[in-house]
Amino acid sequence: MAVHCEHLQVLYCTVSVRTEPDAGDISPVFHNTRACFRDCGGQAGGKERSLHTCHNTDHLARCEGKGLWKMDVVVELSTSWPSFPESPWRQVDWSEETKEVLMESVRSYKPACCSVAAARVLLIGPVGAGKSSFISSVQSMFYGRVVNRAMVGSSSSSSTSFTKQLQSFQLYSSRERDGKNMALTLSDMAGLGEGNSPTLHDTLATIKGHVPEGYTFSACSPVGSDTPGYVKEPHRAEKVHCVAFVVSALELSSYSQTMTSTFQQLRKHISALGVHQVALLTHVDKLVKASDITQVYRSLPLKHAMVKAGDLLGLPVSSIVPVKNYSEELELEAHTDTLLLKAVDHILQYVELNFRDHPQGPQQADDADSAVSFSSRPSSLEN
Ligand SMILES: Nc1nc2c(ncn2[C@@H]2O[C@H](COP(=O)(O)OP(=O)(O)O)[C@@H](O)[C@H]2O)c(=O)[nH]1
Ligand SMILES: [Mg+2]
């Protein structure tokens, strides 16, 4: 049985949970729980502590006297140990051979649309969710070592986006200078939720391919035909073929109601453009022991987080994949790579759906402008 307690205001750390009426006498066991503490100012990027495995509330009581804390914690109640389900709820082959096969299939991927040389995927998500990290992590795998290709922010600066512009990265298939580029471009943009986050209008313009590479988004100057470099009639290759929402498993309880409605607006308008959407749930190493990422599909806290991410985004859990980005490591790790490759493979399935559903190109052109007119005042996603 899993019980989810969120936003407990912990002063003296008395944690009470409600159980099913027929649950009988259960002593709570805090099992494999990581709790994220933020100071009550609610500032993202506040101090963060991890409680790796706490078997009782003594660990929590240590917070006493340090002020009022807000705690997001997934508690698994169990009468016996261990409480991992016997079989994982998604099957993953973690072997080196499968990793190599996946890697080769991504490396040799070719879009099922001959006029498009590289599939274009736009990453959208709140500041600090791990968009840039995902791009860097995927590039790192093919590069053979951890590199920070997309500009990743620090965890303490995660309330402001390090990425301000539209930046697209066609992935290198290897570290060799004469190595080929892969047929996959990942586009990064400023995160949602800060003052200058891209408006709905600008986000849709990006998906339609009108926004020039390197463009710096500004809430007060909407992209339009007078924007320098504006792509008036984008080729299919310049349009976005799949959107990947990126959200952090650590922040699911902290995203504001405004963020939820931002996602709803985005989903509605992007779907109207005929573009498929998937989601990446990052920071899963904070819910599952980083050293044992193979347990990802056995972790009940993670399963709960996936359901919660689905609710936030209005997506079925089957569209969401967990990801652990490289954040502190200098060396690649095979299981982390497998999870990342699974995510890329998942994205590519939806890219292909786009090409197959619309062999001549989606009917997006600018007909979706009837919903969000280029001439109308841009609707800010956060306001
Ligand atoms: N532990 C962990 N840290 C991550 C993960 N993804 C991103 N980070 C860290 O979160 C912070 C923000 O990441 P960044 O990629 O800049 O977020 P962005 O604003 O969405 O582009 C950085 O310090 C990253 O190292 C992850 O999966 N696990
Ligand atoms: Mg970024």
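Which residue is the bridge partner of Val247 in β8?

## Strands β7 and β8

The partner of Val247 is Leu281. This model is a predicted one. Strand β7 covers residues 242-248 and strand β8 covers residues 276-282. The two strands pair in the parallel sense, over seven bridges.

## The sheet

Strands β7 and β8 belong to an open sheet of six strands. The order across this sheet is β5-β6-β4-β7-β8-β9, and the pairing is mixed. At the edges are β5, residues 167-172, and β9, residues 320-322. Each of these edge strands pairs on one side only. On average, neighbouring strands of the sheet are turned by 25° against each other, with direction ignored.

## Helix α3 across the sheet

Helix α3, residues 131-143, lies across several strands of the sheet. These strands are β4 (119-124), β5, β6 (181-188), β7 and β8. Relative to β5, the helix runs at about 20°.

## Helix α7

Helix α7 is made of 24 residues, 334-357. From its first C-alpha to its last it reaches 34 Å, close to the 34 Å expected at 1.5 Å a residue.

An α-helix has 3.6 residues a turn, so residues three or four places apart point the same way.

## How α3 and α7 meet

How do the axes of α3 and α7 lie, roughly parallel or roughly perpendicular to each other? The axes come within 10 Å and cross at roughly 115°. Angles of 65 to 115 degrees count as roughly perpendicular, and α3 and α7 are therefore roughly perpendicular to each other. Their crossing is left-handed. On the α3 side, the contact is made by Ser137, Val138 and Met141.

Asp93 is found in the loop between β3 (69-76) and α2. Is Asp93 buried or exposed? Asp93 counts as exposed because it has 10 C-beta neighbours inside 10 Å, and a residue is exposed at 12 or fewer.

Asp93 and His335 are 242 residues apart along the chain. Their C-alpha atoms are separated by 9.8 Å.

Conventions. Residues are numbered from 1 along each chain as its sequence is written. Chains are lettered from A and ligands numbered from 1 in the order in which they are written. This is a predicted model: local features need pLDDT of at least 70, side-chain atom pairs count only at pLDDT 80 or more; totals for chains, interfaces and linings use all residues. Two strands pair if DSSP finds at least two bridges between them. Helices (H or I, at least four residues) and strands (E, at least two) are DSSP runs, numbered from the N terminus. Axes are lines fitted to C-alpha atoms, for helices over the stretch in contact, and angles run from 0 to 180 degrees between N-to-C directions. Two residues are in contact if their C-beta atoms, placed from the backbone, lie within 7 Å. The expected span of a helix is 1.5 Å times one less than its number of residues. Angles under 35 degrees count as roughly parallel, over 145 as roughly antiparallel, 65 to 115 as roughly perpendicular and the rest as oblique. A crossing is left-handed if the near helix is turned anticlockwise from the far one by less than a right angle, and right-handed if clockwise. A residue is buried if 20 or more other C-beta atoms lie within 10 Å of its own, exposed if 12 or fewer, and partly exposed in between; C-beta atoms are placed from the backbone.
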